[in-house]
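Here is a friendly briefing to read alongside the model.

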Amino acid sequence: MTTVTETDVLRDALGLLKDREQVAERLLASSARHSFDPDEELDWDAPYEEGKWFWPPELVSLYDTPLWRRMSEEQRIRLSQHEAAALASLGIWFEIILMQLLVRHIYDKAATSAHVRYALTEIEDECRHSKMFARLIAHGDTPWYPVSRAHQNLGRVFKTVSTTPGSFTATLLGEEVLDWMQRLTFPDERVQPLIRGVTRIHVVEEARHVRYAREELRRQMLTAPRWSQEFTRITSGEFARVFSVAFVNPEVYTNVGLDKREAMAQVRASGHRREVMQTGAKRLTDFLDDIGVLRGVGRRLWRSSGLLA
């Protein structure tokens with residue numbers, strides 16, 4: 001891939017890139033029309049409904065494993081509640097990292113530009129999302145599920161050393177897999193109304209974030225120095241490995257009365273789970289492949305994460 005300057009016509013395998021300011025102006029207009037206050041939009045006082053899931057059963061980590069078949073329906077639903085809380089906790093961790101990466105991205109850019117104004121708007125969105133996820137966790141009788149200390153420290157390192165293209169690649173990884181799952185969740189009438197409302201708000205607002213990150217990553221993979229492009233390939237592959245592990249918190253199994261070692265072993269061996277994760281990541285991995293991120297060592301790391309077939 002040939003590195004070009006901002007003054008050149010920018011074209012990659014997906015075609016001509018759109019003007020950065022025009023993209024941001026459209027996203028700002030969309031934000032003005034379709035932004036939500038979860039505190040006002042959702043009925044936080046309504047009790048959970050008996051017998052309804054907190055996550056579609058097909059997306060629960062143990063679905064269709066021998067252990068799942070031995071579990072009662074009540075225990076399966078209870079596991080879905082704890083996994084929903086664990087994913088909300090993961091989302092908060094990730095969005096706090098993302099907000100810091102966005103601030104770094106705009107630090108030396110003109111604050112009057114639409115591109116910077118949209119980044120600030122996205123930070124506003126992510127603040128609301130983090131508060132919404134925290135309120136969702138507190139609403140039930142599940143704990144907050146922090147990532148492991150190792151992943152917490154890796155996140156601290158990543159947000160410190162990440163390049164701009166690396167930051168946007170990680171942004172898309174954190175947003176697109178969960179987005180795919182949430183698009184299956186919010187229309188699913190088997191799922192609790194509050195969960196469906198939370199995922200609906202997140203899907204609508206995250207669609208803008210994905211567009212912003214994709215457009216900027218395409219630009220960065222054309223204009224960044226070669227060393228930065230290669231560093232992005234490697235770090236994104238390593239982040240994919242971290243993300244795929246962090247996606248399941250072993251403590252959820254203990255808290256619903258299961259042996260976490262047995263449960264984790266069955267999740268790792270589950271063909272259904274592997275298919276879910278690869279399907280959820282496919283739109284992203286196809287895009288990253290098209291723009292030159294999935295190459296060399298980075299591609300091998302993505303394969304080892306289980307997100308790339």
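Which residues of the largest nonpolar core touch the most other members? They are L62, L79, L173, F247, Y253, L288 and W302, in a core of 87 residues. This is a predicted model, where local features need pLDDT of at least 70, side-chain atom pairs count only at pLDDT 80 or more, and totals for chains, interfaces and linings use all residues. Residues are numbered from 1 along each chain as its sequence is written, and side-chain values use heavy atoms, with hydrogens and water left out.

**The nonpolar core**

- A nonpolar core here is a set of buried Ala, Val, Leu, Ile, Met, Phe, Trp, Tyr and Cys residues joined through side-chain atoms within 4.5 Å.
- Buried means under 20% relative accessible area, exposed means over 50%, and partly exposed lies in between (1.4 Å probe, protein chains only).
- L79 touches V60, L62, W68, M71, V252, Y253 and V256, leaving out residues up to four places away in sequence; contact means heavy atoms within 4.5 Å.

**Helix α13 and its cover**

- In α13 (residues 296-305), the residues G298, L301, W302 and S305 are buried.
- These residues lie on the same side of α13, because they cover an arc of only 100 degrees around the axis; the arc is taken from the directions from the helix axis to the C-beta atoms.
- The cover over the buried residues of α13 includes α7, α9 and α12 (271-290).
- After α13 comes G306, with a positive phi near 85 degrees.

- Q182 sits in helix α7 (residues 164-185) and is buried, at a relative accessible area of 5%.
- Apart from neighbours within four places in sequence, Q182 is in contact with W55, F133, P187, T199, H202 and V203.
- P38 belongs to helix α2 and is buried as well, with a relative accessible area of 4%.
- The C-alpha atoms of P38 and F133 are separated by 9.8 Å, with the two residues 95 apart along the chain.

**Salt bridges**

- The structure holds 24 salt bridges, each being a side-chain nitrogen of Lys or Arg within 4 Å of a carboxyl oxygen of Asp or Glu.
- R70 pairs with E262, their closest N and O atoms being 2.9 Å apart.
- This pair links distant parts of the chain: R70 is in helix α3 (residues 66-70) and E262 in helix α11 (residues 260-269), 192 residues apart.
- R70 counts as exposed at 54% relative accessibility, while E262 is partly exposed at 30%.
- R76 and E73 meet in a salt bridge through their side chains, at 3.6 Å from N to O.
- Because R76 and E73 are three residues apart in helix α4 (residues 73-106), about one helical turn separates them.
- R76 is buried at 17% relative accessibility, whereas E73 is partly exposed at 43%.
- K52 and E49 form another salt bridge, with the closest N and O atoms 3.4 Å apart; K52 is partly exposed at 22% relative accessibility, and E49 is partly exposed at 38%.
- A network of salt bridges links D125, R128, E205 and R208.

- V157, V161, W227 and F231 make a nonpolar surface patch of about 400 Å².
- Patch members have over 30% relative accessible area and no salt bridge; nonpolar side chains (Val, Leu, Ile, Met, Phe, Trp, Tyr) are joined within 5 Å, and like charges within 9 Å.
- Accessible areas come from the Shrake-Rupley method with a 1.4 Å probe, and for residues only the protein chains shown count as cover.
- The elements giving two or more residues to the nonpolar patch are α6 (149-161) and α9 (226-246).
- V161 is found in α6 and is partly exposed, with a relative accessible area of 46%.

**A backbone detail at D64**

- D64 has a positive phi, near 65 degrees, in a residue other than glycine.
- Most residues other than glycine have a negative phi.
- D64 is placed in the loop between α2 (38-41) and α3, and is partly exposed at 45% relative accessibility.

Notes. Helix = DSSP H or I, 4+ residues; strand = E, 2+ residues; numbered from the N terminus.
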